[in-house]
Amino acid sequence: MSRILTLNIGASKATLAEYALSGKRNLTLTAYGSADLQTVDVNDALSISASLPPVISQIMRETGIRPAPLVVSLGGQMVFPRFAKFPPVGDKAKLEQLVNYEVEQNVPFPIDEIVCDHQFLGVMPDGDQAAMIVAAKLDGVRAVTDAVAAAGLKAAVVDVSPLAVLNALHFAQPQLAGCSVVLDIGSKTTNLILIEGEKIYNRSIPVAGNTITKEIAQTFGCSFEEAEQLKIERGYVALGGVMEDEDEITDRVSKIIRTVLTRLHAEISRSINFYRSQQGGAAPSRLFLTGGTVRLPQLDQFFMESLQVDVEYLNPFTAVRVGGRVNAAALENDAFTLAESVGLALRQTDVSGLIRINLMPPELLAQARNVRRIPFLVVGAAGLLAALGLGIVLQNRERDAVTAQLECVQAQNGALDQKEKQLKAAQGREKAELASCDELQKLMRGRTAVLDRVRAVRKSLLPGMWISKWEHVPPQQGEDEEESLEGVKIVVCGWKDSMKAELKKWKGQHPDDTSGDVATVIKKAIESVGGLVAPAEEGADAVTVDLQTGPSLEEITLAFKFAPAASADPNPPARKKQKRRGRK
């Protein structure tokens, strides 16, 4: 029997659990514990490296958990998950190229600053290949694995929270059909997961337990800690109607909770509609609840009433045994918050159908491969010594046999030479055809460059804004028009009152951003689109902005140069230098 440790790092709490594995898939929970992460900023690598090791050590001391292979998960706020579909190209290498292109287009960081993994899920009804792609900032992942190592543990797998929850659901209820919704309601975010056959949709919604606590604190004028206590002791979800609680404070708290959950319901409905329109999915038929905030009484009735679906709590221990050391009363209260932990433990089993994403840093993967090779190297060395001894004995016999075979090979060599010439001629023709196809693909990509740029600019605008003018800026005096990058001057407009509301909403969603006005927000958004804006000369801005405010309309003028299109020559700077030397 082997042991497995799991560590899931949430926004406000870390949970470490120990499982015993008998056979290849029989799991038993033997110990678990949690600790507060209020002093750890999970989005800051330095904070993780400095503050997480003591938290892990504290849980190990309190629970008696000893070191063992560890599966750790990253929270939804640390990763970039994406479900994608690819045409049936039939060639695995080309399919991998399509995945890499998808990552480059959708992850807002340079490819050398991220760690990425993907898994092909199966073939869709329309013949496309479904895949789950997940990426994370490399420095954040390294901070987690370094913190784990500082606590005396060694990470074997780095998973992600939403997919661990999905694996737990798959193990607990393997016969699910149709479309299911999983709501993992934590402290800072709610992970919404839609699963339907090979289709997966995931979204992190910034409405969760802390949102309720902040609303209570603001309403009652008390501290966050006092509001949290009110939520735990008196909180439940009011079910609407004219009924009121006899206790005035409890009544107000329950209605605050319902108001916040109504906002969450609106975001869930919007996500379901997006999933159905973009992926052609069916309407959900059931909803599973998990996470720390699902302890609120009547939460299941609220979603049953608002979403009109069957609602149940995701209990991962229907298929996992519980050891005698575990406090049964505590587990009864915590069971619905440990789905992620069970999903992580399943990664060390041979259960089929799991999503096996691993975001281990490249250097740790290489170390793990080297460790696994050691037994094979030892066996190989012993075999080599034995083979050398036997080889000396057989050498003379083999020499006579080789001489006879050599004569036979030389007789066949002439015929093979002719075949080789024919093969080289065929390879030459194939190479010419491939070159022709590559040129055609470059031209086709070039045709979509303009449309991609327009889409990228439009996507950078706040909701309700529109492009009113798109003007080509000719090269400055002294620039070669053929060699210079395309300059544009774009005018975008929006109603002043609408832009004020959208800017307020944007700042609410990006509290760490200090952008002051709509123009600055849009400028940053355009500059952040990878491959859209050409780098500026030293001392200049890549994008210049002019904001004109009228009585009811705001008009923003953006001027910048586009980066070279994807279909352009792969080495444009070298080509320019050659032409300049020619003019000299």
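Which residue forms a salt bridge with K424? In this predicted model, where local features need pLDDT of at least 70, side-chain atom pairs count only at pLDDT 80 or more and totals for chains, interfaces and linings use all residues, the partner is E420, with the closest N and O atoms 3.5 Å apart. Residues are numbered from 1 along each chain as its sequence is written, and side-chain values use heavy atoms, leaving out hydrogens and water. A salt bridge here is a side-chain nitrogen of Lys or Arg within 4 Å of a carboxyl oxygen of Asp or Glu. K424 and E420 are four residues apart in helix α11 (residues 362-447), and so are separated by about one helical turn. Helices (H or I, at least four residues) and strands (E, at least two) are DSSP runs, numbered from the N terminus. K424 is exposed at 52% relative accessible area, while E420 is partly exposed at 39%; buried means under 20%, exposed over 50% and partly exposed in between (1.4 Å probe, protein chains only).

The structure holds 20 salt bridges. Another of them joins E228 to K231 at 3.3 Å, N to O. These two residues lie three apart in helix α6 (residues 224-234), again about one helical turn. Here E228 is partly exposed at 24%, whereas K231 is buried at 9%.

A further pair, E267 and R203, has its closest N and O atoms 2.7 Å apart. R203 is partly exposed, with 25% relative accessibility. Finally, R3, E18 and R325 are linked in a network of salt bridges.
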